[in-house]
Amino acid sequence: MEAVNEPGIEAPVPAIEDGAPAIDDRRDRLLAALTLIAGVALVLGLPFALKAGAEFFLPVTISLVIAIALIPILEWLERRRLPSWLAALICVVTFLAAANVALAAIVVPAIEFFRKLPERIDRIQANLAPLLDLYTTLEKYLNRTITHLANTGPVKASPTTAVAPPGSLLELAATSAPTAIIQVFFGVLVVFFFLAGWSRTRRKTITSRQSFGGAMATARVIQDVVDDVSAYLGTITLINVVLGAIVGTALWMVGMPYPAMWGGIAALLNYVPYFGPIVAALLLAIGGLMTFNDFWIAMIPAAIMIGCHLVEANVVTPLIVGHRLTINPVLILISLSFWSWVWGTPGALLAVPLLIIIQTVIGAAGKPDIAGFLFERGTLVSERKRGRFGIRRN
């Protein structure tokens with residue numbers, strides 16, 4: 001039977017229902033476009049904001065990375081029934097003591113050693129003479145540089161103005177710029193208060209979620225960030241300390257002065273992937289040229305550094321770290337270049353930990369589907385499959 005429309009009764013209009021999905025698609029596409037534009041603006045403007053505000057953002061970032069690395073120690077102390085503030089204080093004092101010993105062993109001897117550089121230029125030139133004979137233009141440039149250094153009078157003209165190198169890290173900090181001291185003090189406070197309120201903040205962040213799935217996802221992201229950053233920094237620190245000890249012992253055996261300083265420099269620069277060991281080898285080459293009278297003997301310290309680094313990078317680190325903390329080398333180079341441009345040497349030291357944090361958060365939140373927005377669905381959210389327990393996964 002065919003339906004007969006009675007007078008006064010309007011038939012339903014199917015065009016509205018059929019057009020609803022189209023309206024929703026256009027709305028989703030508009031929201032996705034606005035999100036993409038805002039994201040691009042943030043990506044383009046954030047580096048310049050970080051660089052311009054380095055006096056604030058740099059100590060805060062360093063403090064947060066250090067605090068995240070200290071969280072496993074904090075949690076271990078809290079499991080021993082220590083109050084959060086006392087556990088945080090122990091973590092901060094322990095870290096400051098270790099940093100003071102390490103930096104004092106590096107900075108104080110380094111100031112004394114490189115203060116002698118103008119006096120050792122003649123020895124360096126004599127060691128490099130066989131090579132400079134092959135490159136006459138380089139020899140002329142070096143001679144002009146030496147002449148320029150010899151004619152500069154403010155430091156040599158008044159020996160009474162020479163300042164003795166500091167005897168400790170505290171003395172070095174006292175002679176530094178007030179801004180640096182304020183930044184260090186500010187960073188220490190950030191680490192302490194972050195650790196003191198960590199357990200309470202994490203608990204509040206997880207319990208404030210409106211669903212059990214959201215709470216579990218938040219807890220998983222927080223734990224992944226802590227585990228990955230602390231595991232990387234802890235493992236790399238152990239490897240670098242052993243590397244520095246081996247390099248320092250080998251340098252002591254060949255008669256290099258200040259072997260502990262050079263071992264500390266090798267350990268510190270090894271935190272910077274790829275470029276750090278190269279800089280350490282160059283510094284050791286300069287130190288060898290300042291110390292020894294024969295060119296080939298002067299190159300032994302740099303050769304020791306290169307040999308130890310090759311063993312560490314190709315045997316020890318892959319054996320200990322394995323695939324658990326493997327990161328794409330291209331991403332490491334990009335992160336290293338970016339943070340070095342933004343914050344210089346401190347940014348280079350922070351490049352890999354920040355990359356780990358960003359990768360962990362993005363991996364948990366889901367990567368934006370830019371290709372799908374441009375060429376397929378018009379949204380920035382990719383389709384996800386549900387796992388065995390109803391948890392979404394890529």
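The following is a short exchange about a predicted model of a protein chain.

Colleague: How many helices does the protein chain have?
Modeller: The protein chain has 394 residues. Its secondary structure includes two strands. The number of helices is 16.

Colleague: What percentage of the residues count as buried?
Modeller: A residue is called buried when its relative accessible area is under 20%. The protein chain exposes about 25,200 Å², with 69% of that supplied by carbon and sulfur atoms. Of the 394 residues, the buried part is 32%.

Colleague: What share of the contacts with a separation of 6 or more joins residues 24 or more positions apart?
Modeller: A contact here needs heavy atoms within 4.5 Å. Among contacts in the protein chain with a separation of 6 or more, residues 24 or more positions apart account for 67%.

Colleague: Is serine 335 buried or exposed?
Modeller: Serine 335 lies in helix H15, which covers residues 329–365. The cut-off for buried is under 20% relative accessible area. Serine 335 has 8% relative accessibility, so this residue counts as buried.

Colleague: Which residue has its backbone oxygen 2.9 Å from a polar atom of the side chain of serine 335?
Modeller: Leaving out residues up to four places away in sequence, serine 335 touches Ala351 and Leu355. The backbone oxygen that lies 2.9 Å from a polar atom of the serine 335 side chain belongs to alanine 351.

Colleague: Which backbone oxygen does the side chain of threonine 235 reach?
Modeller: Threonine 235 is in helix H10. Its relative accessible area is 15%, so threonine 235 is buried. At 2.7 Å, its side chain reaches the backbone oxygen of alanine 231.

Colleague: Where is arginine 81, and is it buried or exposed?
Modeller: Arginine 81 sits in the loop between helix H2 (54–79) and helix H3 (84–114). Its phi is near 70°, a positive value in a residue other than glycine. The relative accessibility of arginine 81 is 78%, and the cut-off for exposed is over 50%. Arginine 81 therefore counts as exposed.

Colleague: What is phi of tyrosine 274 near?
Modeller: Tyrosine 274 is found in the loop between helix H11 (259–269) and helix H12 (275–291). With a relative accessible area of 41%, tyrosine 274 is partly exposed. Tyrosine 274 is a residue other than glycine with a positive phi, near 70°.

Colleague: How many residues of H11 are buried?
Modeller: H11 has 11 residues and is mostly covered. The buried ones include Met261, Trp262, Ile265 and Leu269. Gly263, Gly264, Ala266 and Ala267 are also among them. The number of buried residues in H11 is eight.

Colleague: What is the area of the nonpolar surface patch that includes Val254?
Modeller: Valine 254 is in the loop between helix H10 (212–253) and H11. Its relative accessible area is 33%, which makes valine 254 partly exposed. A patch takes residues with over 30% relative accessible area. Together with Trp252, Met253, Ile297 and Ile300, Val254 makes a patch of about 520 Å².

Colleague: How many disulfides are there?
Modeller: Cysteine 91 counts as buried because its relative accessibility is 2%. Cysteine 308 has 17% relative accessibility, so this residue also counts as buried. A disulfide needs a pair of cysteine sulfur atoms within 2.5 Å. By this rule, the count of disulfides is zero.

Methods:
Residues are numbered from 1 along each chain as its sequence is written. This is a predicted model: local features need pLDDT of at least 70, side-chain atom pairs count only at pLDDT 80 or more; totals for chains, interfaces and linings use all residues. Side-chain values use heavy atoms; hydrogens and water are left out. Helices (H or I, at least four residues) and strands (E, at least two) are DSSP runs, numbered from the N terminus. Buried means under 20% relative accessible area, exposed over 50%, partly exposed in between (1.4 Å probe, protein chains only). A polar contact is a pair of N or O atoms within 3.5 Å; within protein, one must be able to donate a hydrogen and the other to accept it, and residues adjacent in sequence count only if both atoms are side-chain atoms. Patches are made of residues with over 30% relative accessible area and no salt bridge: like charges are joined within 9 Å, nonpolar side chains (Val, Leu, Ile, Met, Phe, Trp, Tyr) within 5 Å. Accessible areas come from the Shrake-Rupley method with a 1.4 Å probe; for residues, only the protein chains shown count as cover. A salt bridge is a side-chain nitrogen of Lys or Arg within 4 Å of a carboxyl oxygen of Asp or Glu.
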